[in-house]
Amino acid sequence: MDLLIVFAVVLAVVAFVGAPLRGRARGLDPDAAARAELADLEAAKDAKYREIRDAELDQRTGKLSEEDHRALDAELRVEAIALLKRIDVARARLGAAAADASDAPEAATPPSSVG
Amino acid sequence: MATVGRALLIIAFAVALYGLGASLYGAFAGGRAWVDSGRRAVYALAGVLTLAFAVMEAAFLRSDFSFSVVASHSSTTTPTFYKATAAWSSQEGSLLLWVWLLSIWSSLALALTRRRVREVAPVATAVLMTFGAFFLMLTVFWANPFQTLAQPPSEGTGLNPLLRHPAMMFHPPMLYSGYTLFSIPFAFAIGALVTRRLNAEWIVSTRRFALAAWLCLGIGIVLGARWSYTELGWGGYWAWDPVENASLLPWLTGTAFIHSIMIQERRGMLKVWNASLVLATGTLAILGTFLVRSGILDSIHAFGASTLGVPFLILIGAMVLGSVALVVWRRADLRSEHQLDSLLSREAVFLLQNVVLVALAFIVWWGTFFPLISEIFTGTKASVGPPWFDKYIVPLAFVIVALSGIGPLVPWRRLTLASVRRGFVIPLAAALVTWGALLLVPGAWAQPKPAAFAGVVAFVLASVVQELWRGMRARQASARESAPVALAGVMRRNRRRYGGYVIHAGFAVLLLGVAISSSFQHAKDVSLTPGQSTRVDGFDIKYVRATASATAEKISLGAVLDVSKGGKQVATLRTTRGFYPSQDVTQGIVGRFFGGESESQVGLRAGFGRDIWTVINPNLTPLAGIIDQGNRTFARAMTGIVRGGASQQALTELYALRDQAIAAVAHRFVSNPWPADFRFIVSPLATWIWIGAIITFLGGLLALWPAPAAARRRVTAGYAARVARELARTTQ
């Protein structure tokens with residue numbers, strides 16, 4: 001009985017772990033570096049949006065004056081735009097510039113971090 | 001089933017080695033199929049180890065003494081709850097728990113990141129599988145939980161009485177979850193360094209695991225402290241014991257990492273610092289595991305001397321050298337993308353906080369390893385005690401708590417005079433009012449440190465309450481909601497921020513409890529006979545009567561005490577000391593029931609103002625005569641039965657008589673007014689330690705809880721729209 005259980009476990013593990021190797025061979029992704037760079041930029045873009053959102057919350061909770069917030073927000077948006085441009089370049093390099101609509105305007109008014 | 005267990009461990013070891021090899025081969029030569037196969041190996045490892053763990057647990061629950069580990073750590077009289085937890089009271093079982101948790105958390109991390117960090121993940125998988133293979137090597141070749149005994153005993157040794165405490169059910173799994181979860185950011189950091197993908201993505205992918213590790217380790221530490229307070233019978237919750245310190249080290253550096261990665265995520269700064277911090281945290285987590293198992297430092301929490309020290313030292317050495325080499329090798333890729341805008345900014349506060357946390361970690365490390373360091377240089381093992389730790393830790397704790405109040409008030413990038421006025425006035429006023437109010441409390445400033453600390457805590461609490469209030473008002477202004485709904489709404493939408501603030505408040509409360517309870521504690525050791533009283537910190541404590549009970553599991557001798565103040569009854573305390581039977585037959589048939597290991601059940605009246613704590617240490621000397629007499633009588637009876645053929649019925653009758661005799665001996669403790677030793681402690685605000693911990697962990701859960709995907713997408717889309725419009729304008 002013990003032997004049977006062990007045998008079943010070994011079979012199941014081999015079948016499960018070996019499954020990707022039985023399919024069509026997939027070599028190294030030649031665009032891996034470009035994809036990774038794009039993913040990094042996307043992550044940086046999300047972080048930048050969070051920063052813009054936090055600055056807005058800081059302003060609404062009185063931590064930043066209207067004037068300070070305007071200056072910071074402009075600065076952050078310049079950085080965000082620079083990131084978007086780099087993302088466009090990275091996408092173009094991957095030949096998928098037109099594919100993503102993820103950054104297309106979806107909402108007329110940006111939602112607030114508090115509202 | 002032991003054969004199945006052993007085979008499962010070998011299969012798991014092979015799977016871990018395969019996962020390590022397949023991931024590396026896939027990353028550098030073989031392509032995605034090998035990478036996917038390597039990732040599946042991690043899932044398979046989790047499945048196989050779950051089966052192995054279930055086999056071990058089943059052996060404990062069935063009291064299968066053919067398993068060596070069950071015979072030496074459980075017994076038929078051990079309650080079921082503790083049979084289940086006894087599995088990790090052993091070296092072998094705890095190693096299996098460690099690697100099982102590693103496999104579970106690794107599977108979760110790899111499943112959640114399977115479409116991201118594609119370059120980093122295979123190397124991270126290899127690192128995680130290296131840990132898995134290492135611990136499985138230990139369980140297969142050094143400390144196998146499935147070792148069997150040729151002649152299983154009819155009864156096991158039983159679980160160490162000190163471990164029979166509810167906190168022990170969760171303390172080790174939480175600690176190990178913390179340690180193993182810290183392996184995940186460690187592994188991804190190695191992956192990011194090797195593949196030179198050192199930007200925000202690996203941090204975004206693993207920061208939640210870092211936070212979960214911090215939370216689990218913190219809960220584990222607090223559960224350990226609670227166990228110490230209510231079980232060990234010395235009345236304290238933290239003794240700067242090497243094993244306690246070992247768990248604190250990665251928690252401190254992990255706390256620093258959780259804060260500083262926010263700066264890297266936003267500004268691309270502190271990359272060398274963050275890489276070093278997370279590598280140090282992962283290494284310290286393994287160091288903590290090593291300290292519990294190696295026996296190199298004396299600790300009540302350690303497993304004692306073992307042969308596992310050398311393999312652990314090799315692993316830790318490889319981790320330290322590999323980490324340093326990687327950071328130096330990739331130093332060009334770790335350059336900061338920006339510089340600090342101002343020394344008066346949240347980034348600067350985080351940086352200062354990081355420096356203080358690392359300084360704290362270094363002090364704790366130095367004090368913990370001082371016995372070894374002193375032995376190397378002087379040949380004599382010298383150790384440092386709590387006063388040494390307090391001397392350096394207390395001032396830095398002041399700074400950390402103050403910074404936890406300042407941080408939420410300071411905006412990112414730069415602080416202006418106007419925002420100082422807006423943010424700091426109320427918290428500073430709260431601190432000043434607290435200090436002033438303490439002037440009116442007689443004796444409060446007799447010890448300036450805790451009094452000053454109370455003001456700092458008031459500052460932190462006021463800053464957090466102010467931030468919550470302002471967030472709520474801002475939400476109310478835009479959403480027209482009631483105050484509670486608006487508060488919940490703003491916290492839900494900004495979980496990391498407000499979760500962090502709640503953590504700061506909880507931590508400040510916890511440390512206030514520590515400061516006040518330790519500084520104003522009144523302790524008294526006294527011997528009392530029933531009817532006698534003593535006075536501690538204005539409380540009259542009367543030893544009302546002795547108690548005794550005898551069960552198959554243990555003999556408990558205790559006391560009922562009445563606590564009153566000014567003639568008014570305050571509480572009734574019950575404390576016992578449990579004596580567990582020894583397996584040493586030379587102590588005699590009756591004597592062995594009083595000569596085994598013992599544990600204390602403290603009498604505790606916990607309150608928001610103060611805890612009244614007591615423990616009894618019954619004096620067994622007056623019982624020695626009657627125990628000796630019982631030993632002789634039953635030895636003669638046993639000899640007679642053996643000579644007469646040792647019939648089962650005669651033995652059963654003898655054991656029944658023995659049990660009656662033991663109960664009668666225990667009852668003498670009640671019927672005779674012998675003196676018993678007591679320790680009484682009155683600690684103000686001690687309960688706030690646990691309340692603060694609960695607040696801290698609720699804040700951690702809030703920060704950890706993921707925002708609904710739809711809400712995330714909506715928010716991102718909104719900001720994307722605004723920036724996209726800006727972009728369109730700039731390119732027209």
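Mentor: Gladly! Let's begin with pairing: two strands pair if DSSP finds at least two bridges between them. Keep in mind that this is a predicted model.

Trainee: How do you know that β1(B) and strand β9 (residues 676-684) of chain B pair?

Mentor: Seven bridges join β1(B) and β9(B), in the antiparallel sense, and pairing asks for at least two, so the two strands count as paired. Within this pair, Val526(B) has Phe678(B) of β9(B) opposite.

Trainee: What is the order of the four strands in the open sheet of chain B?

Mentor: The order is β1-β9-β8-β7, with antiparallel pairing.

Trainee: Why do β1 (522-528) and β7 (603-605) of chain B stand at the edges?

Mentor: Each of them has a single partner strand, so one side of each is left without a neighbour in the sheet. Neighbouring strands here are turned by 15° against each other on average, direction ignored.

Trainee: On to Glu599(B), in strand β6 (residues 598-601) of chain B. What makes Glu599(B) buried or exposed?

Mentor: Burial takes 20 or more other C-beta atoms within 10 Å. Glu599(B) has 20, so Glu599(B) is buried.

Trainee: Which residues does Glu599(B) touch, leaving out those up to four places away in sequence?

Mentor: They are Pro161(B), Leu162(B), Arg164(B), Glu231(B) and Gly578(B).

Key. Residues are numbered from 1 along each chain as its sequence is written. Chains are lettered from A and ligands numbered from 1 in the order in which they are written. This is a predicted model: local features need pLDDT of at least 70, side-chain atom pairs count only at pLDDT 80 or more; totals for chains, interfaces and linings use all residues. Axes are lines fitted to C-alpha atoms, for helices over the stretch in contact, and angles run from 0 to 180 degrees between N-to-C directions. A residue is buried if 20 or more other C-beta atoms lie within 10 Å of its own, exposed if 12 or fewer, and partly exposed in between; C-beta atoms are placed from the backbone. Two residues are in contact if their C-beta atoms, placed from the backbone, lie within 7 Å.
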